[in-house]
Amino acid sequence: MIFLTIGTQEPFDRLVRTVDAWCASSGRGGDLFGQITERATYKPNHFAWVPSVTPEDFQTRCKQADFIVSHAGMGSIITALTYGKPIVILPRSAKLKEHRNDHQQATAKRLGKRPGLLVAQSEAELPGLLDKLTAEKGATGGEALTPFADPSLIAALRTFIHAKPR
Amino acid sequence: MTAAPDTTEAPRVLVVASGGGHWVQLCRMRPAWDGCHVTYVTTEPGYRQEVMADAAARGQPAPSFRVIVDGNRWQKWRLLKSLLGLTLIVLRLRPQVVISTGAAPGYFALRLGRLVGARTAWVDSIANAEELSLSGRKAGPHADLWLTQWENLAQPGGPEYRGAVL
């Protein structure tokens, strides 16, 4: 199974449309499930989709997927890495009014070197990455992430919590 | 981690994050408040189950879990409802420590926490790799511990870099 998720807030028609076209041309639509938000204007014709999923369903679908296709949102990225699933991300663009600013471009640039994280700089690069991951059937996932943050960050917060009150 | 400790002296900690990426990051810092009287506040009711399951799995006392309305700077009415919800929670809980990863509700939580004498910590989202988030810039002056997850964004006078959730 391939899981497409675009976050809970803004629609991302450019990504959904590109994935739909890839499903049509590759014939892989039967194997893909998408979450496309309530306000999506483009409705896919070549794969099964819902506007939203519950947090529990989201976890299950990520866990079961061969790989994940997503916007460059940290919820999707961290969840994919936690399960050791490859994830293809297409960052949202502020110019195309897909987000308030271009922080997803920065996320993609800075995190894109991690194993298992593939960045499509534009929708034109997406079909090639989808073909590659489909051929590998999710084999290129990095090692599953440890469940918690850097020990140094946790220690800093822990020390802060237990410090003497002002 | 250690077995469930005697929590009679444990600090009351309020941890706040909007649903999605902010929440996923907050959850990766959970061991920082192990053994505390912790109250989670978020915007997605569906997260309750994972919070309770994690506490049980790691031998922690069952935390409190509260839900507030989400809002951003373009949703004034929702933002007001979010602020009201948090005000009631803070007044009732009287937290000694408030921690947030964002976004707008986290900023409110830090301001309200300060009003009741709590010490406050802000961990800016890892999604903000090239500039701090708007809520992070606004929260900084009200945070006793102000952290960024990117070394390149650390500055004398804050925010500091002490590690990341990844």
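Mentor: First a term: two residues are in contact if their C-beta atoms, placed from the backbone, lie within 7 Å. Helices (H or I, at least four residues) and strands (E, at least two) are DSSP runs, numbered from the N terminus. This is a predicted model, where local features need pLDDT of at least 70, side-chain atom pairs count only at pLDDT 80 or more, and totals for chains, interfaces and linings use all residues. Residues are numbered from 1 along each chain as its sequence is written, with chains lettered from A and ligands numbered from 1 in the order in which they are written.

Trainee: Which residues of α3(B) meet α4(B)?

Mentor: Leu79(B), Ser82(B), Leu83(B), Leu86(B), Thr87(B) and Val90(B), against residues of α4(B) including Phe108(B) and Leu112(B).

Trainee: At what angle do α3(B) and α4(B) pack?

Mentor: About 40°, with the axes 10 Å apart. Axes are lines fitted to C-alpha atoms, for helices over the stretch in contact, and angles run from 0 to 180 degrees between N-to-C directions.

Trainee: Switching to the sheet, what is the strand order in chain B?

Mentor: The open sheet has 7 strands, β3-β2-β1-β4-β5-β6-β7, with parallel pairing. Two strands pair if DSSP finds at least two bridges between them.

Trainee: Which are the edge strands?

Mentor: β3 (64–67) and β7 (160–161) of chain B, each pairing on one side only.

Trainee: How many bridges join β2 of chain B to β3(B)?

Mentor: 4 bridges. In one bridge, Val41(B) has Arg66(B) as its partner in β3(B).

Trainee: And how many residues of chain A are in contact with chain B?

Mentor: 28, against 36 residues of chain B. On the chain A side, α6(A) gives the most, with 8 residues.
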